Amino acid sequence: MTTDTASGADHTTGTGSAAAPVDAPPFRYTAALADTIETGWQKRWADEGTFNAPNPTGPLAEGFDKVAIRPHAYIMDMFPYPSGAGLHVGHPLGYIGTDVYARYRRMRGDNVLHTMGFDAFGLPAEQYAVQTGTHPRTTTYANIEVFLRQIRRLGLGHDERRRLATTDPEFYRWTQWIFLQIFNAWYDTEQDKARPIDELVTELDSGRRPNEGTNPFERPWAELGAVERRTVIDNHRLAYRSEATVNWAPGLGTVVANEEVVDGRSERGNFPVFRKPLAQWMMRITAYADRLSRDLDRIDWPEKVRTMQRNWIGRSTGAHVRFSVDAAATDAGDIEVFTTRPDTLFGATYVVLAPEHPMVESLTPDAWPADTPVAWTGDALNPRVAVDSYRLAASQRSDLDRQAGDRAKTGVFTGSYAINPVNGTPLPVFVADYVLMGYGTGAIMAVPAEDERDFDFAEVYGLPIVRTVAPPDGWDGGAWTGEGATINSSNAEVSLDGLDVAAAKTTIIDWLERKGRGRGATTYRLRDWLFARQRYWGEPIPIVYDETGPIALPDSMLPLELPDTEDFSPKSYEPDDVDSMPEAPLSRLAGWVNVELDLGDGPRTYRRETDTMPQWAGSCWYHLRYLDPTNDERLVDDEIERYWVGPNADRPMGGVELYVGGVEHAVLHLLYARFWHKVLFDLGHVSSAEPFDRLVNQGYVQAAAFTDARGVYVEAAEVEETPDGWVFEGEPVTREYGKMGKSLKNVTTPDEMYAAYGADTLRMFEMFTGPLVQDRPWDTKAVVGPFRQLQRIWRVVVDERTGAAHVADVPVPDELERLLHRTIAAVREGFETLRFNTSIARLTELNNAVTQAYPDGGAPREVAEAIVLMLAPLAPHIAEEMWSRLGHESSLAWTAFPVADEALLVDETIEVPVQVNGKVRAVISVVADADAAALEAAARADEKVQAALGDRETRRVIAVPGRLVNFVV
């Protein structure tokens with residue numbers, strides 16, 4: 001027997017966890033039937049473009065007239081990197097969650113844009129290319145096909161027309177275009193926004209002064225030559241070339257991140273790592289530091305993420321203080337430090353420079369001053385040997401290592417002294433690696449009495465400790481970092497003694513500014529973004545060079561495509577060759593690097609930039625390309641951008657309505673994307689001031705992992721449980737729980753679940769195990785629970801013997817009708833709040849009630865159809881199949897979601913406890929809106945209450961409608 005349905009499902013057979021018993025009815029819901037249903041509906045959705053979201057204009061506008069008056073919603077996942085291993089069941093947690101929500105919003109009546117692309121540039125593909133000779137493009141696009149197969153099999157309702165990969169030239173053309181917008185922009189601090197560089201030139205010609213620190217020639221703009229003017233302009237740009245201190249691993253031939261350095265060696269390959277200044281492309285994200293921090297209050301993000309971003313930005317207020325250096329000993333000039341505690345300046349007893357500080361060389365004489373303590377010298381014969389040796393050692397430590405709180409403090413004396421401006425005391429100048437060049441000015445005034453690190457250093461090197469903040473009574477020594485009255489802080493012109501911290505700060509900053517020895521200032525932990533990689537597999541930077549410096553390619557020459565090569569590996573050196581320099585793979589392609597172009601001055605030979613963009617570039621703006629993916633004339637059409645992400649009353653900053661991804665991207669990706677978006681906003685390319693209005697961090701899927709006696713992880717799938725414990729290949733192992741992943745060897749793939757139960761069951765299981773934001777355990781054995789729940793719902797709608805719907809067009813009993821509408825209200829609330837587990841629980845309660853009332857079929861059609869529609873966002877394939885068998889020809893994807901009747905949400909009767917002298921003697925049933933008099937009358941009529949009252953006098957009656965009745969006798 002067969003039944004013609006939209007999916008083509010007509011029978012079920014098969015094996016596996018959900019295989020039907022031999023004597024099972026022919027239309028029982030099993031893994032085999034699920035497979036037929038799911039693949040059939042996926043094909044139909046694709047053929048019909050079910051999830052295509054019409055734009056208001058342009059090539060994707062077909063059908064917009066049907067949705068123009070509807071609300072609209074833009075729902076996004078953080079797009080994945082297409083790794084060769086494909087997905088495990090932990091990956092799709094967020095993808096399923098956004099799909100459930102998007103499907104619900106579509107059924108609620110919204111025009112929903114939901115799609116997914118691939119963050120496809122990345123180091124793994126390049127490393128694989130180096131090992132195998134396979135071009136990264138080949139590997140990347142093969143991996144994308146694997147991912148697409150897996151996520152399509154989940155039934156994710158994506159608009160397939162909008163898919164993209166950051167490696168597509170038609171995509172990275174616009175990544176390069178945005179880079180050039182940033183390159184050709186500067187930050188106007190007076191207007192607090194980015195502006196085109198051409199406007200700066202016009203204003204400089206009209207008498208505007210260059211921004212502070214951008215004119216190294218100390219002559220007016222009008223007196224500068226063409227090359228000098230070019231330097232001043234380049235110093236204003238938001239994308240610029242500068243020397244930056246990086247972690248250089250000669251043995252790897254590449255720069256590595258701080259997180260990849262362990263004890264001075266690379267995590268990969270265990271090669272020595274050296275801190276080395278290299279010319280790099282930088283992005284002036286620090287210009288946006290205040291706005292990036294301030295605007296966090298105007299978007300709907302988890303407080304944890306907002307705090308992480310604010311801490312990363314690290315806004316600090318304080319003062320820049322200038323310490324003069326003995327002019328007779330050196331011509332180095334003043335040392336400028338930034339301090340958040342200028343009120344403690346009288347307690348400064350030494351000065352510390354970061355090893356990378358540019359003044360170190362000029363502050364280091366050829367001989368030690370007389371009476372220099374041996375402990376300060378590092379046992380070196382002269383300051384130059386001591387400082388050079390220390391700087392080399394410091395270059396082999398990462399910033400993270402140098403900042404570790406439990407590290408012993410080390411340093412050497414430079415041989416120079418700086419003068420404390422408030423008391424004239426000569427302070428020894430040290431080089432120490434606990435000071436970083438990346439914070440403040442790279443120099444600190446050390447106040448050991450009020451700073452723990454300074455105190456530890458002073459203890460080691462026998463330096464003075466002068467208290468300037470009174471510690472509490474009973475303080476037994478060490479640095480006091482709390483509040484207190486200022487002490488030991490006065491000279492002939494200013495006194496801070498007795499002032500609290502705030503007043504002392506204000507007073508000393510005023511004095512420093514009057515004396516020309518300092519100024520109030522705000523600084524940030526945030527550093528400008530190092531925007532370059534000496535790698536092959538990345539977006540080419542659209543810059544060429546002539547003898548005057550970098551020149552932007554015109555838009556007409558974009559995309560600058562990545563040239564083909566068979567040599568993907570950066571050049572490596574002897575592991576300890578600290579003087580070596582990175583050689584990017586592109587630099588070896590002479591025919592590509594040296595190019596003849598006509599950039600307006602006739603054909604000339606230029607040299608291309610050979611670094612590529614970092615992995616974050618494409619993810620900074622992909623949310624905009626989804627909106628208008630076929631536009632080859634503009635980044636995004638204005639009307640389309642305003643429609644999907646423009647500001648409105650609910651989202652004053654604009655942006656994507658819902659963005660879901662892991663909290664591990666809280667800082668880098670999200671901060672960089674906000675920066676790029678704000679630049680585009682300032683330049684008028686978008687109407688929204690923020691990229692993502694609402695952010696949700698989904699939880700992690702955790703699974704059992706096992707280690708052997710060596711502490712090495714073993715394949716969890718091959719571990720067996722015995723009466724004596726867990727065993728792997730006959731040997732005992734130890735169980736723990738951790739985030740599912742390759743490193744813990746505890747991966748379960750979705751393909752395994754598709755085969756055993758079907759995609760709908762996997763979707764239900766992942767959504768049932770907790771709210772979207774909560775971590776959850778994975779237990780393969782428990783997956784059968786949601787599968788059985790789907791079977792029970794299937795049986796309510798479908799006759800397992802015939803495959804036909806077996807519902808009845810009969811009225812719904814009153815009690816069941818009330819339960820139905822309470823369920824609708826609860827399910828909607830669960831979907832709205834992303835607590836899909838509560839929606840599933842309430843849907844289960846309703847289905848159980850229907851099953852008990854109609855064990856042989858014949859449930860009212862109204863109830864059955866409502867169950868199917870409520871199930872649809874969670875388990876869309878089986879819901880579509882049941883909807884079809886109920887006689888509906890069209891997909892339910894756009895069918896209206898059930899709405900609860902408010903009148904049916906109020907119980908007709910309620911139960912109210914009755915007390916006598918505070919003790920419950922009975923529970924009575926009354927109409928829900930019974931007033932106090934009706935409550936008392938009903939209570940007095942109850943036999944148990946009558947017995948409890950007896951003949952005693954009632955002194956008082958307390959009747960609270962809906963709550964209780966209490967007789968006081």
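This is a predicted model: local features need pLDDT of at least 70, side-chain atom pairs count only at pLDDT 80 or more; totals for chains, interfaces and linings use all residues.
Figure 1. Tryptophan 778 is in contact (heavy atoms within 4.5 Å) with Val89, Val701, Gln702, Ala703, Met740, Thr748, Met753, Leu762, Phe765, Glu766 and Val783, leaving aside residues up to four places away in sequence. Residues are numbered from 1 along each chain as its sequence is written, and side-chain values use heavy atoms, without hydrogens and water. Local features need pLDDT of at least 70 and side-chain atom pairs pLDDT 80 or more, whereas totals for chains, interfaces and linings use all residues.

**Figure 2. The largest nonpolar core.** A nonpolar core is a set of buried (under 20% relative accessible area, 1.4 Å probe, protein chains only) Ala, Val, Leu, Ile, Met, Phe, Trp, Tyr and Cys residues joined through side-chain atoms within 4.5 Å. The largest has 90 residues, and those with the most contacts inside it include Trp778, Tyr29 and Phe836. Another core, of 76 residues, lies apart from it, with Trp177, Leu292, Ile299 and Tyr524 among its members.

**Figure 3. Strand β15 and its partner β12.** Strands are DSSP runs of E, at least two residues long, numbered from the N terminus. Strand β15 (residues 443-446) is covered on both faces, with Ala443 and Met445 buried on one side and Ile444 and Ala446 on the other. Strand β12 (residues 350-353) runs antiparallel to β15 and is joined to it by four bridges; valine 352 has isoleucine 444 as its bridge partner.

**Figure 4. Packing of helices α20 and α21.** Helices are DSSP runs of H or I, at least four residues long. Helix α20 (residues 759-768) packs against helix α21 (residues 784-797) at an angle of about 115°, with the axes 8 Å apart. Asp760, Thr761, Met764 and Phe765 in α20 meet Pro786, Phe787, Gln789 and Leu790 in α21.

Conventions
Buried means under 20% relative accessible area, exposed over 50%, partly exposed in between (1.4 Å probe, protein chains only). Two strands pair if DSSP finds at least two bridges between them. Axes are lines fitted to C-alpha atoms, for helices over the stretch in contact, and angles run from 0 to 180 degrees between N-to-C directions.
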